[in-house]
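Morning, everyone. I have one structure to go through, so please have a look at it first and then I will talk.

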Amino acid sequence: LRVATWNLAGGKRSDDAPVTYSMLDQRAKQMGEILRWTRSYGCDVIALQESESSKGFEELGEKYELIGCAAAVESRGHVQMYVRRGLRCERVEVGIAEPCVVVRVFQEGGDEGDVGLTIVAVHLPSGDYRGKRMRHLQEALEAAVDEGKVLFVGDMNAKDEEVKEICKE
């Protein structure tokens, strides 16, 4: 199972981009890169942060289904999770206003209920919000741990020592 994640910095043009570089140029470049991943790496799941809309990207619709979207109110934009069409999965509901999407992906060729991996895509608040980040992660983990393995992806906005602590849990 191949999973990719990317913070799109939606709605913000890079300071390094030429003045003539528009938001349409940026979106075309981003979607082209994501579709390249599908060809080069065979991505099964794609998690995006800072999407400007809760609506899925049309460019991904042929190969992927938008499984879930959540507003990242304390950071920016939306978290979106796409799963390759044909891959068995289900969305897991998490607490109110959590900046994450949780999806259980079932093993291909396995029994009906065999969970291969539960994927949690997040976009956590940056700055001095360690407590909030840990609370969001804990709530997502509690929703995700029914069975199988759990993989957290996304923009955690955490410092190195926080990441070490999170990994231990």
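This is a predicted model: local features need pLDDT of at least 70, side-chain atom pairs count only at pLDDT 80 or more; totals for chains, interfaces and linings use all residues.

Every value I quote is computed from it.

The chain has 169 residues, and for that length a compact globule would have a radius of gyration near 15 Å; this chain has 16 Å, so the two agree. The C-alpha trace spans about 50 × 40 × 25 Å along its principal axes. Of the 169 residues, 40% are buried. If you take the contacts with a separation of 6 or more, 57% of them are between residues 24 or more positions apart.

On secondary structure, we have three helices and eight strands. In sequence order the pattern reads β-α-β-β-β-β-β-β-α-β-α.

In what order do its four strands lie? The order is 1-2-4-3, the sheet is open, and the pairing is mixed. Strand 1, residues 3-7, and strand 3, residues 64-71, are the edges, each pairing on one side only. Ignoring direction, neighbouring strands here are turned by 15 degrees against each other on average.

Let me take the pairings one by one. Strand 1 and strand 2, which covers residues 45-51, are parallel and share five bridges. T5 has A47 of strand 2 as its bridge partner. Helix 1, residues 23-41, packs on this sheet, where it touches strand 1, strand 2 and strand 3, and its direction makes about 165 degrees with that of strand 1.

The next pair is strand 2 with strand 4: these are antiparallel, again with five bridges. Strand 3 and strand 4 make a hairpin with six residues between them, and G77 in the turn has a positive phi of about 65 degrees.

Why do I describe strand 4 as largely enclosed? Strand 4 runs over residues 78-84, and six of those seven residues are buried, so the rest of the structure largely encloses it.

One is Q30, which belongs to helix 1. Q30 has a relative accessible area of 10%, which is under the 20% cut-off, so it counts as buried. Leaving aside residues up to four places away in sequence, Q30 touches W6 and L8. The other is E50, in strand 2. Its relative accessible area is also given as 10%, and E50 is buried. E50 has a positive phi of about 60 degrees, although it is not a glycine.

On to the core. In soluble globular proteins, nonpolar side chains tend to be buried together. Which members of the largest nonpolar core touch the most other members? They are M81, V103 and I119, in a core of 16 residues. At least two core residues come from each of strand 2, strand 3, strand 4, strand 6 (100-106) and strand 7 (115-123).

Last, the cysteines. How many disulfides does a search of the whole structure find? The search finds zero. For C89, the closest cysteine sulfur is in C69, and at 15 Å that is too far for a bond. C100 is in no disulfide either; its nearest cysteine sulfur is again that of C69, 12 Å away.

To recap, we have an open four-stranded sheet in the order 1-2-4-3, with helix 1 packed on it. Strand 4 is largely enclosed, since six of its seven residues are buried. The largest nonpolar core has 16 residues, with M81, V103 and I119 touching the most other members. That is what I have; I will take questions now.

Conventions:
Residues are numbered from 1 along each chain as its sequence is written. Side-chain values use heavy atoms; hydrogens and water are left out. Two strands pair if DSSP finds at least two bridges between them. Axes are lines fitted to C-alpha atoms, for helices over the stretch in contact, and angles run from 0 to 180 degrees between N-to-C directions. Contact means heavy atoms within 4.5 Å. Buried means under 20% relative accessible area, exposed over 50%, partly exposed in between (1.4 Å probe, protein chains only). A nonpolar core is a set of buried Ala, Val, Leu, Ile, Met, Phe, Trp, Tyr and Cys residues joined through side-chain atoms within 4.5 Å. A disulfide is a pair of cysteine sulfur atoms within 2.5 Å. The radius of gyration is taken over C-alpha atoms; the globule rule is 2.2 Å times the number of residues to the power 0.38.
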